[in-house]
Amino acid sequence: MPIDGGDYENKMNTIVAASDDYDLVWTSSWLFKYGDNVNKGAFMEITDEMLDKYAPTIKASFSQVAWNDVKVKGKLYAIPNFQTFTKTPGFIIQKRFVDKYNFDTSKVKTYADLEPLLDQIKKNEPGIIPFGMGKDQTRLSEAYGMQWLGGVDYRLSDPLTAIDLLQTDEYKTHVKLMKSWHDKGYTNPDAATVSDLKPLLASGNVAVVQDFTLAPGSEAGRKADFGGNEVVYVPIAEPTFTGVTPTMNAINYNSKHADRALMLLELLNTNADLFNLLTFGIEGKHYTKVGDNTIKIIDKGGYSNNAGWIFGNVTNGYLLEGQPADTWERVKKLNEEATVPALSGFNFNSENVKAEMANMDALFKEYSPGLETGTIDPDKYLPIFTEKMKKVGAETVLKEKQKQIDEWAKANGKK
């Protein structure tokens, strides 16, 4: 049952609240949030016995560190998908503009470093949006020496101390910069209301976007996203292991087919034909083979899922034309070698502050799109936003986060 990404969380929350019948569902740490749904009792516990019987290959393919990353209070409620478990934040830029303006991407470490290129594009490229944004835009924390992991924000220099992002000078700096970009015409004026940036990107008229996960060898796959234009990746930080919770599948708590659901996930992780069918469609109709394991998507073929990361092991998948032959080996190597953050394995449990979190989330959806796309004036609205967050319990939530970090750090020998 396909659901548009912009509507996914709302529609799934409605389905869960109504106790509708379903078996498998995609969940993550960032959308249709895993921890929140576990606390609601929405997902079925997946025991070791179930894994041994119905999904032994999946069980063996992840390390104990990865399985611990998924567990809530020592119990498992979802199966991670095997993809890149690392985060390499940065920007994606159309190669034609990098070449035309001789832009040195190696010098880009912050948003402000992009301004010379954005300014050139604004002045010389009519019809091109220098920097594309949508309403769910949130900053790349690493550009400001920060990170988000396990449900908390923290500074890289002090990873065991939770921070209230809205109270930081870095956040103020960022939203003011976005306001200046909006006023200069660097961004699409409707950014605060755009729920899906893909159609705009597909037009080929967006020069630069940000990205949280610059996956190895995936530039070729992004070419289609940018209207057939080649892109270059501009990382702003070293790869870090961010765990496996960004993409998982869970089983409905009252599913009558839990065994079959797990067997299907096992097949998607072991049967390349099935995985590629769901990811790319039918050979000759939706794609053509241009190598032993490389394909070319047929333009307007009628099937463009290309999102194997939502349901299986991506290393079973075909490579897209232009992807290096060693892409999957690079993904596996990066998974093994990426820096492990100090908070890796920590997952904030919001059970004790559910009401506060719900109210904060509502305020976030009200103010964040305007602030982070530069559509509204931060000098006026950031103080209002911050004060309202305090009134609904932001300080209580921050204290609860710090309490859980302290307990986790002590239990895991971090302090």
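Is Phe32 buried or exposed? Phe32 is buried, with a relative accessible area of 0%; buried denotes under 20% relative accessible area, exposed over 50%, and partly exposed the range in between, computed with a 1.4 Å probe on protein chains only. The legends below describe a predicted model, in which local features need pLDDT of at least 70 and side-chain atom pairs count only at pLDDT 80 or more, whereas totals for chains, interfaces and linings use all residues. Residues are numbered from 1 along each chain as its sequence is written, and side-chain values use heavy atoms, with hydrogens and water left out.

**View 1. Aromatic pairing at Phe32 and Phe43.** Rings of Phe, Tyr and Trp (for Trp, the six-membered ring) pair if their centres lie within 6.5 Å; planes under 30 degrees apart count as stacked, over 60 as edge-to-face and the rest as tilted. By this rule the model contains 22 aromatic pairs. One of them joins Phe32 and Phe43 in an edge-to-face arrangement, with 6.1 Å from centre to centre and 70° between the planes. Phe32 belongs to the loop between strand E1 (24-27) and helix H2 (34-40), and Phe43 to the loop between H2 and helix H3 (48-54), so the pair ties together parts that are 11 residues apart in sequence. Helices (H or I, at least four residues) and strands (E, at least two) are DSSP runs, numbered from the N terminus. Phe43 is buried, at 5% relative accessibility. Ring pairs also link Phe32 and Phe43 with Tyr8, Trp26, Trp30, Tyr34 and Trp309 into a cluster.

View 2. Phe62 is buried at 6% relative accessibility, and Trp67 is buried at 5%.

**View 3. Lys401 over the face of Phe348.** Lys401 lies over the ring face of Phe348, 5.6 Å from the ring centre. A charge sits over a ring if NZ of Lys or CZ of Arg is within 6 Å of the ring centre and within 35 degrees of the ring normal.

**View 4. Surroundings of Ser350.** Ser350 is located in the loop between helix H13 (327-337) and helix H14 (354-372). With a relative accessibility of 7%, Ser350 counts as buried. The side chains of Ser350 and Asp36 are joined by a polar contact of 3.2 Å. A polar contact is a pair of N or O atoms within 3.5 Å; within protein, one must be able to donate a hydrogen and the other to accept it, and residues adjacent in sequence count only if both atoms are side-chain atoms. Leaving aside residues up to four places away in sequence, Ser350 touches Asp36, Asn39 and Met357, where contact means heavy atoms within 4.5 Å.

**View 5. Strand E4 and its partners.** Five of the five residues of strand E4 (residues 90-94) are buried, so E4 is largely enclosed by the rest of the structure. Two strands pair if DSSP finds at least two bridges between them. E4 pairs with strand E9 (residues 206-211) in the antiparallel sense over four bridges, and Phe91 has Gln210 of E9 as its bridge partner. Five bridges join E4 to strand E10 (residues 231-235), also antiparallel; here Ile92 stands opposite Tyr233.

**View 6. The open sheet E6-E7-E8.** Three strands form this open sheet, with antiparallel pairing. Strand E6 (146-149) and strand E8 (158-162) stand at the edges with a single partner strand each, so one side of each is left without a neighbour in the sheet. From one strand to the next, the twist averages 35°. Four bridges pair E6 with strand E7 (residues 152-155), and Trp148 stands opposite Asp153 in E7. Helix H16 (residues 394-411) lies across E7 and E8, running at about 135° to E8. Axes are lines fitted to C-alpha atoms, for helices over the stretch in contact, and angles run from 0 to 180 degrees between N-to-C directions.

View 7. Lys73, a residue other than glycine, has a positive phi near 50°. Lys73 is found in the loop between helix H5 (64-70) and strand E2 (79-80) and is exposed at 70% relative accessibility. Asn102, likewise not a glycine, has a positive phi of about 50°. Asn102 is placed in the loop between helix H6 (95-100) and helix H7 (115-124), and counts as exposed at 70% relative accessibility.
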